[in-house]
2 protein chains.
Amino acid sequence: MTINPVFDTVLIIGGGLIGSSLARAAQTFQACKKTIIYDADKTVRSELTQLKVGDEVPDDLSDCVSQADLIILAVPPGRMGDAAKSISSYVQPGTIVTDAGSVKESIIDAVEAALSDEVIFIGGHPIAGTEHSGPAAGFATLFKDRWCILTPTDEKSAEAKKLKQFWEALGSEVAFMDAKRHDLVLATTSHLPHLIAYALVGTATDMETVTRNEVVKYSAGGFRDFTRIAASNPEMWRDVFLGNREGVLEVLGRYIEDLTALKRAIRWSDGDSLLNEFTKTRDIRKRIIDAGQDSAEPNFGRDHLSED
Amino acid sequence: MTINPVFDTVLIIGGGLIGSSLARAAQTFQACKKTIIYDADKTVRSELTQLKVGDEVPDDLSDCVSQADLIILAVPPGRMGDAAKSISSYVQPGTIVTDAGSVKESIIDAVEAALSDEVIFIGGHPIAGTEHSGPAAGFATLFKDRWCILTPTDEKSAEAKKLKQFWEALGSEVAFMDAKRHDLVLATTSHLPHLIAYALVGTATDMETVTRNEVVKYSAGGFRDFTRIAASNPEMWRDVFLGNREGVLEVLGRYIEDLTALKRAIRWSDGDSLLNEFTKTRDIRKRIIDAGQDSAEPNFGRDHLSED
């Protein structure tokens with residue numbers, strides 16, 4: 001059992017969807033005594049203050065870093081190194097630092113290079129998010145019933161255990177994983193799906209034989225699902241693909257092969273191969289629903305939602 | 001304004017998701033005086049009877065075809081020709097026959113070859129569906145606020161107008177379109193998205209470096225959306241790709257080009273190209289939501305649904 005609060009003072013750096021959700025969740029579930037949230041952008045800080053996210057939204061990092069016993073970096077993957085540098089002169093020895101970035105190996109390299117050896121850095125990645133960005137998009141239950149992957153070098157350390165308890169207090173299930181393995185698994189379950197969706201929406205908007213109006217009108221045939229994913233934060237996703245180049249290229253290569261085989265089956269009117277491919281994909285949906293990772297409602301229940 | 005009922009007796013052939021939804025919708029919205037639903041499969045007929053779908057579920061087509069002033073073929077695209085043959089000896093001159101298939105040119109060819117010239121066949125395609133199949137999956141509001149495309153040879157005919165009114169009575173918006181154009185537009189907004197989703201779920205389940213367990217656990221990163229689409233009726237989708245070979249191969253070729261360009265940008269760490277691609281795709285999501293074709297709720301609102 002987790003006994004709250006897990007930490008005294010948590011400092012979150014980055015006030016976007018993830019950072020502001022973390023601050024809301026930490027407060028709502030009393031995972032710490034005090035929540036400080038900082039963003040390098042003044043406009044974001046004003047928004048956080050107005051939205052009453054966090055107990056404190058300081059204008060300057062120098063005052064608050066030394067107070068924190070947990071610091072969470074919640075900035076786009078490409079800015080993690082700079083975020084670590086910005087705290088490095090103030091952070092106390094023994095402080096736990098973690099992040100919420102979608103790639104792990106490249107972030108760990110960048111952050112560890114910026115921090116002293118006396119700081120305990122543990123990589124982290126909550127598998128949660130929405131297509132919306134910014135402080136107002138955050139909500140306290142974003143991490144509830146979602147997995148959070150942590151990549152501690154020592155899984156049995158007191159710090160790894162404590163960080164696990166913190167995420168559990170926010171409602172997450174926690175898995176320890178090697179950073180390299182994380183990057184390969186997430187390339188499959190998250191990075192490739194996003195790339196595919198961005199590519200499809202790009203293809204459809206650039207077709208000169210089909211108008212954008214037609215694409216919008218007849219999107220309920222399947223296309224609309226892809227536009228949701230392709231509306232995700234562009235800067236963050238650029239950083240993910242640059243930060244997990246190797247993992248993404250591996251699964252992307254496999255995917256293009258598989259797609260090309262389907263293309264060939266269509267060209268040769270090979271109905272048996274198509275039927276076989278389309279049948280084997282049903283089982284995994286059932287398993288995802290059984291695992292509580294998606295809604296069983298048809299169309300995710302959204303069409304019923306909009307009914308009067 | 002539509003004055004209900006539009007038809008006297010509607011006969012629906014095929015009792016799956018679409019056919020049973022049509023029967024439910026026709027009854028609920030009183031689009032006709034009497035709804036007859038038939039399925040070649042005895043088990044499906046029993047299910048329809050048990051579910052009280054339709055005013056009548058006959059065991060034999062010969063008795064009911066001549067009663068109908070509208071006949072809707074709601075079977076998989078590859079079976080449309082046979083369904084048309086099964087009614088051809090009984091259908092009365094002047095009867096309107098339509099279908100609900102996802103491809104148009106190949107279905108029109110197959111159905112018109114089977115029916116006499118005295119029958120008025122108008123191709124139709126409601127852009128609506130869910131990932132579930134079978135009689136129990138149907139519901140009366142499936143077509144509400146969705147587009148239905150009709151492909152009459154004469155858009156000004158009384159029959160085209162009447163069929164349009166019928167679909168409007170079910171809550172749909174109706175567009176007239178040339179069959180060839182339908183197949184190209186839907187290749188983009190529906191057929192390609194399904195192919196892409198089937199391919200991705202196939203790739204992920206076949207990865208020998210990532211376990212299925214991991215794919216299921218961490219699916220909330222984006223993958224789960226694709227599994228919904230890839231759980232759609234395999235037989236129907238096989239027929240769609242065989243029936244719209246040309247349209248699908250055209251957009252699929254474009255898509256593989258675009259995806260390959262993104263792959264190259266990742267390989268060369270070309271962040272500017274990636275950011276540019278990922279930014280231009282946001283606008284179309286907004287337009288789809290403004291057009292009432294999707295929910296604006298983050299993650300389609302499904303994560304909030306499951307909260308207690």
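The structure is a predicted model, in which local features need pLDDT of at least 70, side-chain atom pairs count only at pLDDT 80 or more, and totals for chains, interfaces and linings use all residues. Residues are numbered from 1 along each chain as its sequence is written, and chains are lettered from A and ligands numbered from 1 in the order in which they are written. Chain A contains 13 helices and seven strands; helices (H or I, at least four residues) and strands (E, at least two) are DSSP runs, numbered from the N terminus.

**Overall form of chain A**

- The C-alpha trace of chain A spans about 65 × 45 × 40 Å along its principal axes.
- Of the 308 residues of chain A, 56% count as buried. A residue is buried if 20 or more other C-beta atoms lie within 10 Å of its own, exposed if 12 or fewer, and partly exposed in between, with C-beta atoms placed from the backbone.
- Of the contacts in chain A between residues at least 6 apart in sequence, 75% join residues at least 24 apart; two residues are in contact if their C-beta atoms, placed from the backbone, lie within 7 Å.

**Domains of chain A**

- Chain A is assigned domain 1 (7-177) and domain 2 (182-269), with bounds that come from an automatic or database domain assignment.
- The centres of the two domains of chain A, taken over C-alpha atoms, are separated by 29 Å.
- At their contact, 15 residues of domain 1 of chain A meet 16 residues of domain 2 of chain A.
- On the domain 1 side, helix H4 (105-114) and strand E6 (147-151) of chain A are the elements that give two or more residues, and H4(A) gives the most, with three residues.
- The residues on this side of domain 1 divide into six nonpolar, six polar and three charged. Ala, Val, Leu, Ile, Met, Phe, Trp, Tyr, Cys and Pro count as nonpolar, Asp, Glu, Lys and Arg as charged, and the others, Gly among them, as polar.

**Contact between chains A and B**

- The contact takes 96 residues from each of chain A and chain B.
- Elements giving two or more residues to the chain B side include helix H7 (212-217), helix H10 (245-267) and helix H12 (282-290) of chain B.
- H6(B) provides the largest share of the chain B side, 19 residues.
- The chain B side comprises 49 nonpolar, 24 polar and 23 charged residues.

**B:Thr281**

- B:Thr281 lies in the loop between H11 and H12 of chain B and counts as buried because it has 23 C-beta neighbours inside 10 Å.
- Leaving aside neighbours within four places in sequence, B:Thr281 is in contact with A:Tyr198, A:Val201, A:Gly202, A:Ala230 and A:Ala231.

**Sheet of chain B**

- Seven strands of chain B form an open sheet in the order E2-E1-E3-E4-E5-E6-E7, with mixed pairing; two strands pair if DSSP finds at least two bridges between them.
- Strand E2 (32-38) and strand E7 (173-176) of chain B are the edge strands, each pairing on one side only.
- Strand E3 (residues 70-73) and strand E4 (residues 96-99) of chain B run parallel and are joined by four bridges; B:Leu70 has B:Ile96 in E4(B) as its bridge partner.
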